[in-house]
Amino acid sequence: MEDERKNGAYGTPQKYDPTFKGPIYNRGCTDVICCVFLLLAIVGYVAVGIIAWTHGDPRKVIYPTDSRGEFCGQKGTKNENKPYLFYFNIVKCASPLVLLEFQCPTPQICVEKCPDRYLTYLNARSSRDFEYYKQFCVPGFKDNKGVAEVLRDGDCPAVLIPSKPLARRCFPAIHAHKGVLMVGNETTYEDGHGSRKNITDLVEGAKKANGVLEARQLAMRIFEDYTVSWYWIIIGLVIAMAMSLLFIILLRFLAGIMVWVMIIMVILVLGYGIFHCYMEYSRLRGEAGSDVSLVDLGFQTDFRVYLHLRQTWLAFMIILSILEVIIILLLIFLRKRILIAIALIKEASRAVGYVMCSLLYPLVTFFLLCLCIAYWASTAVFLSTSNEAVYKIFDDSSCSLTAKTCNPETFPSSNESRLCPNARCQFAFYGGESGYHRALLGLQIFNAFMFFWLANFVLALGQVTLAGAFASYYWALRKPDDLPAFPLFSAFGRALRYHTGSLAFGALILAIVQIIRVILEYLDQRLKAAENKFAKCLMTCLKCCFWCLEKFIKFLNRNAYIMIAIYGTNFCTSARNAFFLLMRNIIRVAVLDKVTDFLFLLGKLLIVGSVGILAFFFFTHRIRIVQDTAPPLNYYWVPILTVIVGSYLIAHGFFSVYGMCVDTLFLCFCE
């Protein structure tokens, strides 16, 4: 490897130029074709959004639909005061949770409230509960038919079961009237014809529905906790922000100490591990059964059994000893490169101090990503709800016309109705057979692809902007006199004016790989039920390869963007130069990467742990000074977890800027 680098296998090193003073200002536009493609793609994306918003109807997601395709609970309609969907015979649906996505072959109507009592049509007709029962019959029902005709025509349900609303649908409760829906294997009820039907699936579905109801109650309590603790959560996040900034400042003075303390601690921990393994190995000498080999013992589900074998501790001791020797040898041979990494980390802290506004740039990236996510999500919803109502023939008998499409307005007088007297034409699902409806899957894939492309473009824009600002700092001989007045804004302007095409090129390559990974995940889900082991193995290998490819492209793009920010070259040239530069300094790259990874991990653990512990003591009323200030909560872990997750995201945002600064200074140093 060293010989290849010396012989120029990875390109010729950059010659020293005493007149070079940082990012080139006199530069030209790069990768213009990709810029044009991006603009055309954005125009097409906007057109897709307009088409989706024209044909889509998000009400189909919010409101349930009855057998006539009408929405329940929508304002301005005749069902405005009927927000819940009631199923005549929910047993046919197998599981109530399936109803959230598919229609069942049973009449469905919109009702004001779900049934709260157990009644059969036969019993209710001859009692004063019949007026209550009629509200669960089809609209316009008139009691001028016999029992058999009413049940045959699907005018009324055969039985009412106490139900609870879930997602605006009436699902049976587990405990019904007089134990009718007792949890068991053969729980039954009697319908209007006197026949008995097994409803084990109904009971299982009701149990799941009640579990979701309990989850909704939990969500309400969590929401209450947020309403009384939100300002304390914000205070905790502000503390995390201040600690992140303080940690970056302290790295200027403590980076060397922290790195060497870390190395010494690792060596000491491994040394103690070797000592402990030796002591356990000696203690088990002569103990009965301790000399049994691992091969003779075989695999045991209780792993504690292995700790009673001398051979286990001997293996641990050998592994730890090898690691100890490797670390010591690496420390001896790489000590100079470790010193370079420490110097770069210190210099990066100074650079961030001179370009303090760079710490706020992640907010710009976050805002732009939110716009991308919002547009993608809204377009996806409108596309998925732009289907038309499809009506099909449903019949309990063996009618040959079952599942065929029909028109509910003309069906009663059609030939199909005469051929199948018991058939009903009711709403089945949303779909369509036009060219637009056949293209919906392709439009959804295009929507996902454009989301990946634009999101990667936003991230690339942030990386080039930060790299340009920090490169201006590195090449300034007299700091801060030689720095531009607004280095971050200057770098942002150069990136948009000259290198939109290059950023689009890098983002396009990454988006193609990501959309392929999404397609592979989709195919993997479809193949899970298959028994073809070769297909499963091939799919696993493809997923692994494309995951590695995505990681490599992200790494290469990041360094290519730094070269673009410095020299203003196109994407391919910058990627090649960055790759060759990294390969000529591969050992320095590895050392710097691991050292910075450790410092960032240490910083995140320190910030998240400190803020999390403070939040725990505060919200559990264990700090006497502010004991009465903490709000009463249903679950104290709700604000604590929120503070912990928020603190991690804040620390990650600060350290992402710092990491970009380290990488930029490193490439400038290697140049």
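Author: This is a predicted model. Its largest cavity has a volume of about 120 Å³.

Reader: How is such a space found in general?

Author: A probe the size of a water molecule is rolled over the atoms, and this shows where empty space is left. Here, a search of the whole structure gives 4 cavities of 30 Å³ or more.

Reader: Which residues lie nearest the centre of the largest cavity?

Author: Phe-86, Tyr-87, Phe-88, Ile-90 and Ile-161 do, out of 13 residues that line the largest cavity. Strands β1 (84-87), β4 (159-160) and β6 (169-172) each contribute at least two residues to that lining.

Reader: How many residues of each class are in the lining of the largest cavity?

Author: The count is 11 nonpolar and 2 polar, with no charged residues.

Reader: Let us turn to the helices. How many residues has helix α9, and what span is expected?

Author: Helix α9 covers residues 310-333, which is 24 residues. From first C-alpha to last it reaches 35 Å, close to the 34 Å expected at 1.5 Å a residue.

Reader: Which residues in α9 are buried?

Author: Arg-310, Thr-312, Trp-313, Met-317 and Glu-324 are buried in α9. Glu-324 is also 9.3 Å from Leu-268 in space, C-alpha to C-alpha, with the two 56 residues apart in sequence.

Reader: Where is Leu-268 placed, and is Leu-268 buried or exposed?

Author: Leu-268 sits in helix α7, residues 200-283. Leu-268 counts as exposed because its relative accessibility is 53%, and the cut-off for exposed is over 50%.

Key
Residues numbered from 1 in each chain as written. Predicted model: local features only at pLDDT ≥ 70, side-chain atom pairs only at ≥ 80, totals over all residues. Heavy atoms only, no water. Helix = DSSP H or I, 4+ residues; strand = E, 2+ residues; numbered from the N terminus. Buried < 20%, exposed > 50% of the residue type's maximum accessible area, 1.4 Å probe, protein only. Expected span 1.5 Å × (residues − 1). 1 Å grid on protein atoms, 1.4 Å probe; cavity = no way out; pocket = protein on both sides within 12 Å on 5 of 7 lines; lining within 4 Å. Points joined across faces, edges and corners; volume = space filled by probe spheres on them. Nonpolar A, V, L, I, M, F, W, Y, C, P; charged D, E, K, R; others polar.
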